[in-house]
Amino acid sequence: MVDSPSSDDAQTRSHDRRVVWSVAALIAGTVLVGALAPAPAAHRASAVPSADAACAEWSDGCHVCQRTEGGVACSLPGIACVPKEQSCLRRAGG
């Protein structure tokens, strides 16, 4: 016995509904996991030379910054400079 065309249409619609609901459930699950996941820990800035009062001059390879009586003064970066980790170039009093 051969299935009638209307039976094929009903099976196709049923399959399509299952696919749509599966995709919707996957999206909802992904959004829920993203909302419930803990946020990454904030980067601690106290380890950088700019936060160390004893560091008088520091650089990230692009900027050179110095502590002056008027505050912190930094140079402008060069073209296409890629900053690296900050390092202390000169300590206060030395």
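**Sheet, salt bridges and a few residues**

Mentor: Start with a facing pair: Cys65 stands opposite Cys74 in strand S3.

Trainee: Before I go on, what kind of model is this?

Mentor: This is a predicted model; local features need pLDDT of at least 70, side-chain atom pairs count only at pLDDT 80 or more, and totals for chains, interfaces and linings use all residues. Residues are numbered from 1 along each chain as its sequence is written, and side-chain values use heavy atoms, with hydrogens and water left out.

Trainee: OK. How many helices and strands are in the chain?

Mentor: The chain has 1 helix and 4 strands. Along the sequence the pattern reads α-β-β-β-β. Helices (H or I, at least four residues) and strands (E, at least two) are DSSP runs, numbered from the N terminus.

Trainee: What do strands of a sheet pair through?

Mentor: Strands of a sheet pair through backbone hydrogen bonds, either parallel or antiparallel.

Trainee: New topic. How many salt bridges does the structure hold?

Mentor: The structure holds 2 salt bridges. A salt bridge is a side-chain nitrogen of Lys or Arg within 4 Å of a carboxyl oxygen of Asp or Glu.

Trainee: Which residue forms one with Arg91?

Mentor: Asp52 does, with the closest N and O atoms 3.0 Å apart. The pair links distant parts of the chain: Asp52 is in the loop between helix H1 (5-36) and S1, Arg91 is in strand S4, and they are 39 residues apart.

Trainee: Which residue pairs with Arg90?

Mentor: Glu57 forms a salt bridge with Arg90, and the closest N and O atoms are 3.3 Å apart. This pair links distant parts of the chain too: Glu57 is in strand S1, Arg90 is in strand S4, 33 residues apart.

Trainee: Why does Glu57 count as buried?

Mentor: Because its relative accessibility is 16%. Arg90 is partly exposed at 35%.

Trainee: What does Glu57 touch?

Mentor: Leaving aside neighbours within four places in sequence, Glu57 is in contact with Val64, Cys65, Gln66, Ser87, Cys88, Leu89 and Arg90. Contact means heavy atoms within 4.5 Å.

Trainee: Let's look at Ser59. Where is Ser59?

Mentor: Ser59 is in strand S1, residues 55-59. Ser59 is buried, with a relative accessible area of 12%.

Trainee: What does the side chain of Ser59 reach?

Mentor: The backbone oxygen of His63, at 2.8 Å. That goes under polar contacts: a pair of N or O atoms within 3.5 Å; within protein, one must be able to donate a hydrogen and the other to accept it, and residues adjacent in sequence count only if both atoms are side-chain atoms. Not counting residues up to four places away in sequence, Ser59 touches Val64, Glu85, Gln86, Ser87 and Leu89.

Trainee: What about phi of Ala80?

Mentor: Phi of Ala80 is near 60 degrees, a positive value in a residue other than glycine. Ala80 lies in the loop between strand S3 (71-74) and strand S4 (87-91). Ala80 is exposed, at 72% relative accessible area.

Trainee: And what share of the chain counts as buried?

Mentor: 10% of the 94 residues.

Methods. Buried < 20%, exposed > 50% of the residue type's maximum accessible area, 1.4 Å probe, protein only. Pairing = 2+ DSSP bridges.
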